[in-house]
Amino acid sequence: MNIRNKAWMSFLSMMLAVSMLFSPTAAMAQEGESHAGQEESSKIDMTSLILDHISDSYEWHFCGEGENAVAIPLPVFVYSKVRGEWFFFSFKHIEEAEHHHTTYEGFKLAEEGEANEGKIVELNPATGEWERPLDLSLTKNAVGLFLNSIILICIVMYCANWYKKKKPEDTAPKGFVGLIEMMVTMVYNDIIKANIPQHVQRYSGYLLCAFFFIFLTNLIGLIPGSANLTGNIAITCVLACCTFLFTNIGGNKEYWKEIFWADGMPTWLKPIMAVIEFFGLFTKPVALMIRLFANIMAGHAALLALIGVIFITAQIGAAINSIMTPLAVFFAIFLDCLELLVAFIQAYVFTMLSAVFIGLSVPKHHH
């Protein structure tokens with residue numbers, strides 16, 4: 001077995017072990033037990049549970065619910081448009097104020113059904129309405145973004161330092177460094193060079209960074225309690241905008257000529273096609289944004305829904321619960337393992353389509 005096959009086998013084995021060890025079953029089980037202890041007439045609101053897990057928040061929630069919740073309140077940094085002042089405090093103060101049915105420094109968390117549900121709002125005395133201040137708080141996704149970026153930088157620096165200590169005639173790297181080299185080579189040769197006809201070095205840095213960032217973020221997102229970054233449309237929107245900028249700012253004359261005045265078609269049809277092609281400039285990044293966001297969010301929601309079946313059937317009866325629990329656990333573990341493959345596929349597809357769009361913007365001159 002050669003080095004690449006060994007690296008792939010060790011990588012897949014490691015990911016499978018992580019998936020089994022950190023399966024969401026334990027995290028959901030603790031929340032389900034708190035619901036099971038309630039009155040029999042109460043029902044589990046799976047929609048709220050799933051949305052709470054995959055949405056952004058002002059605290060880093062790990063497990064549990066209510067008084068048994070294990071969570072870290074994050075710093076809140078807001079600018080009051082009404083009072084013209086900056087406020088910096090812990091989200092813990094907002095939670096304590098909610099418990100006493102009051103506000104903290106005039107701020108509260110918008111309740112369910114309100115316009116800014118789940119966001120910090122303040123009362124505007126002039127209108128009598130609760131409005132959002134300028135919110136620059138470190139939410140769960142913001143902290144997760146910093147942590148994932150630091151992890152990625154550490155991985156890159158670790159591999160770079162390994163190469164600094166080696167000579168060209170030394171043997172090929174093995175283990176983790178060999179795995180990273182194999183993935184870099186695959187992305188560079190099979191995606192970047194294969195789709196961008198010229199100026200490959202100009203775009204290789206961004207495309208490699210996008211691939212490894214999405215892949216690492218997808219993997220970390222499978223760990224219960226972690227931030228669901230690529231399942232947040234704001235994150236995928238920024239990634240799609242980066243591809244949009246690289247595509248259109250670096251586009252050459254041939255590219256813009258094909259959009260606004262393409263050769264080989266009747267003159268009367270060229271203005272119509274120019275309008276269609278112009279809108280096509282924006283539909284491509286939108287497709288990138290929606291594809292990544294929808295696939296990751298749907299996978300997380302489906303996984304949590306499978307675990308939720310255990311606690312829903314527990315309210316129906318012991319007989320049906322004893323049948324559905326093993327099935328739910330089996331399919332949840334299977335889906336969790338499948339998500340490992342999806343994590344790689346989505347990173348690959350996003351990088352591939354970005355390379356295709358960039359390659360179309362720098363076509364070679366036709367004589």
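Reader: Is Phe89 buried or partly exposed?

Author: This is a predicted model. In it, Phe89 counts as buried, at 6% relative accessibility. That falls below the cut-off, because buried means under 20%.

Reader: Which ring does Phe89 pair with?

Author: Tyr104. Phe89 and Tyr104 make an edge-to-face aromatic pair. The centres are 5.1 Å apart, with 65° between the planes.

Reader: Where do the two sit in the chain?

Author: Phe89 is in strand β4. Tyr104 is in the loop between α4 (91-99) and β5. They are 15 residues apart, and the pair links distant parts of the chain.

Reader: And Tyr104, buried or partly exposed?

Author: Partly exposed, at 26% relative accessibility.

Reader: What stands opposite Phe89 across the strands?

Author: Val76 does. Strands β3 and β4 pair in the antiparallel sense, over 6 bridges.

Reader: What happens in the turn of that hairpin?

Author: There are 4 residues between the strands β3 and β4. Gly84 takes a positive phi there, near 70°.

Reader: Which β3 side chains are buried?

Author: Val76, Val78 and Ser80. They point to one face.

Reader: What else does β3 pair with?

Author: Strand β8 (residues 134-135), through 2 bridges, running antiparallel. Tyr79 stands opposite Leu134 in β8.

Reader: Switching to charges. How many salt bridges are there?

Author: The count is 2 salt bridges. One joins Glu122 to Arg83, with the closest N and O atoms 3.2 Å apart. Glu122 is in strand β6 (residues 120-124), and Arg83 is in the loop between β3 (75-80) and β4 (85-90). That puts the partners 39 residues apart, so this pair links distant parts of the chain.

Reader: How buried is Glu122?

Author: Its relative accessible area is 3%, so Glu122 is buried. Arg83 is partly exposed, with a relative accessible area of 36%.

Reader: Which residues form a salt bridge with Asp135 in it?

Author: Asp135 and Arg132. The closest N and O atoms are 3.2 Å apart. Arg132 is partly exposed, with a relative accessible area of 29%.

Reader: Back to Glu122. What is its bridge partner in the sheet?

Author: Phe107. β5 and β6 run antiparallel and are joined by 3 bridges.

Reader: What is the strand order in that open sheet?

Author: β5-β6-β7, 3 strands with antiparallel pairing. The edge strands are β5 (107-109) and β7 (129-131), and each pairs on one side only. From one strand to the next, the twist averages 45°.

Reader: What sits over the ring of Trp130?

Author: The charged end of Lys108, 4.4 Å from the ring centre.

Reader: Now the helices. Which residues touch the most other members of the largest nonpolar core?

Author: Met183, Leu207 and Phe211. That core has 39 residues. The elements giving two or more residues to it are α6 (175-195), α7 (200-220), α8 (233-249), α10 (270-316) and α11 (318-361).

Reader: Which of them gives the most?

Author: α7, with 14 residues. In soluble globular proteins, nonpolar side chains tend to be buried together.

Reader: How buried is Phe211?

Author: Phe211 has a relative accessible area of 0%, so it is buried.

Reader: Which aromatic cluster is Phe211 part of?

Author: Phe211, Phe212, Phe215, Phe344 and Tyr348 form one cluster. Phe212 counts as buried too, at 12% relative accessibility.

Reader: How many aromatic pairs in the whole structure?

Author: The search finds 23.

Methods. Residues numbered from 1 in each chain as written. Predicted model: local features only at pLDDT ≥ 70, side-chain atom pairs only at ≥ 80, totals over all residues. Heavy atoms only, no water. Salt bridge = Lys/Arg side-chain N within 4 Å of Asp/Glu carboxyl O. Buried < 20%, exposed > 50% of the residue type's maximum accessible area, 1.4 Å probe, protein only. Pairing = 2+ DSSP bridges. Axes fitted to C-alpha atoms, helices over the stretch in contact; angles between N-to-C directions. Phe/Tyr/Trp six-rings, centres within 6.5 Å; stacked < 30°, edge-to-face > 60°. Lys NZ or Arg CZ within 6 Å of the ring centre and 35° of its normal. Core = buried A, V, L, I, M, F, W, Y, C linked by side-chain atoms within 4.5 Å.
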